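Colleague: I would like to go through some residues and pockets with you. Please show me the model before we start.

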Amino acid sequence: MAWMSDIKNAVQKYTHWLLMLFFAVAYLLPLNNRLLWIPDESRYAEISREMIQRGDWIVPHLLGLHYFEKPIAGYWLNSISQLLFGESHFAVRFASALSAGLTAWLIFWFSKQLFQNQKKAIAAAACYLSFILVYAIGTYSVLDSMVTLWLDLTLVCFYVSLQASSTRQKLTGYAFMGLAAGLGFLTKGFISLAVPVIV
């Protein structure tokens, strides 16, 4: 059965493209298909809309009032998305979906470094993207998907720093670790500093 072998070889050769296609179809295409959920999505959409309208990228506002419940970076990402894609449901949710996709790519890269095996790396990324909770927060406008990306990047940078052979590589890894932890802190607060310390 030569054709079975050909199909198997083709699937193995293009698995990473199939994974990207899965991400596009499952995560990106549905973003514009449902109304914003109240209260979270409508709140984040309005804060980002007001940020763009006012031109104030430092102090978030909700219905004209200062809104300091969460740090600023999540609103920045949502605002950039709305600047790029306009005022749409897709734009409101895009930063969450992109964060889930980048986290999957980070898992792929890290697994490939760790196991030295592309099949295992693709399986790890596919497994991550197929989790129901990951899918739920990756297609819903909340900060969890973004902070997950920064937490994972912080821990991966720490691991890379520990494995580095030169002082320059270690310092570069620690610098990127600090940057990722800082972005996590600006997205969700102290949890982004506490989790890496606990781990």
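Colleague: This is a predicted model. Does Gln 163 count as buried or exposed?

Modeller: Gln 163 has a relative accessibility of 51%.

Colleague: Where is Gln 163 placed, and what separates its C-alpha atom from that of Ile 80?

Modeller: Gln 163 belongs to helix 8. Along the chain, Gln 163 and Ile 80 are 83 residues apart. Their C-alpha atoms are separated by 35 Å.

Colleague: Is Ser 145 buried or exposed?

Modeller: Ser 145 sits in helix 8, which covers residues 144-163. Its relative accessibility is 2%, and buried means under 20%. Ser 145 is therefore classed as buried.

Colleague: Which residue has its backbone nitrogen 3.3 Å from a polar atom of the Ser 145 side chain?

Modeller: Leaving out residues up to four places away in sequence, Ser 145 touches Ser 96, Ser 99, Ala 100, Thr 103, Ile 137 and Gly 138. The backbone nitrogen at 3.3 Å from a polar side-chain atom of Ser 145 is that of Ala 100.

Colleague: Which element gives the most to the lining of the largest pocket?

Modeller: The largest pocket holds about 240 Å³ of space. Two or more lining residues come from each of helix 2 (15-28), helix 5 (89-115) and helix 6. Among the lining residues are His 16, Phe 23, Trp 105 and Gln 118. With five residues, the element that gives the most is helix 5.

Colleague: How many residues in the lining of the largest pocket are charged?

Modeller: The lining divides into nine nonpolar and three polar residues. The number of charged residues in the lining of the largest pocket is none.

Colleague: What is the volume of the second largest pocket?

Modeller: Its lining includes Leu 77, Phe 94, Ser 99 and Trp 150, and the classes are 10 nonpolar, two polar and no charged residues. Helix 5 gives the most to this lining, with five residues. The volume of the second largest pocket is about 200 Å³.

Conventions. Residues are numbered from 1 along each chain as its sequence is written. This is a predicted model: local features need pLDDT of at least 70, side-chain atom pairs count only at pLDDT 80 or more; totals for chains, interfaces and linings use all residues. Side-chain values use heavy atoms; hydrogens and water are left out. Helices (H or I, at least four residues) and strands (E, at least two) are DSSP runs, numbered from the N terminus. Buried means under 20% relative accessible area, exposed over 50%, partly exposed in between (1.4 Å probe, protein chains only). A polar contact is a pair of N or O atoms within 3.5 Å; within protein, one must be able to donate a hydrogen and the other to accept it, and residues adjacent in sequence count only if both atoms are side-chain atoms. Contact means heavy atoms within 4.5 Å. On a 1 Å grid over the protein atoms alone, a cavity is a set of points where a 1.4 Å probe fits but cannot get out, and a pocket is an open set with protein on both sides within 12 Å along at least five of seven lines; lining residues have an atom within 4 Å of a point. Grid points are joined across faces, edges and corners, and a volume is the space filled by probe spheres set on the points. Ala, Val, Leu, Ile, Met, Phe, Trp, Tyr, Cys and Pro count as nonpolar, Asp, Glu, Lys and Arg as charged, and the others, Gly among them, as polar.
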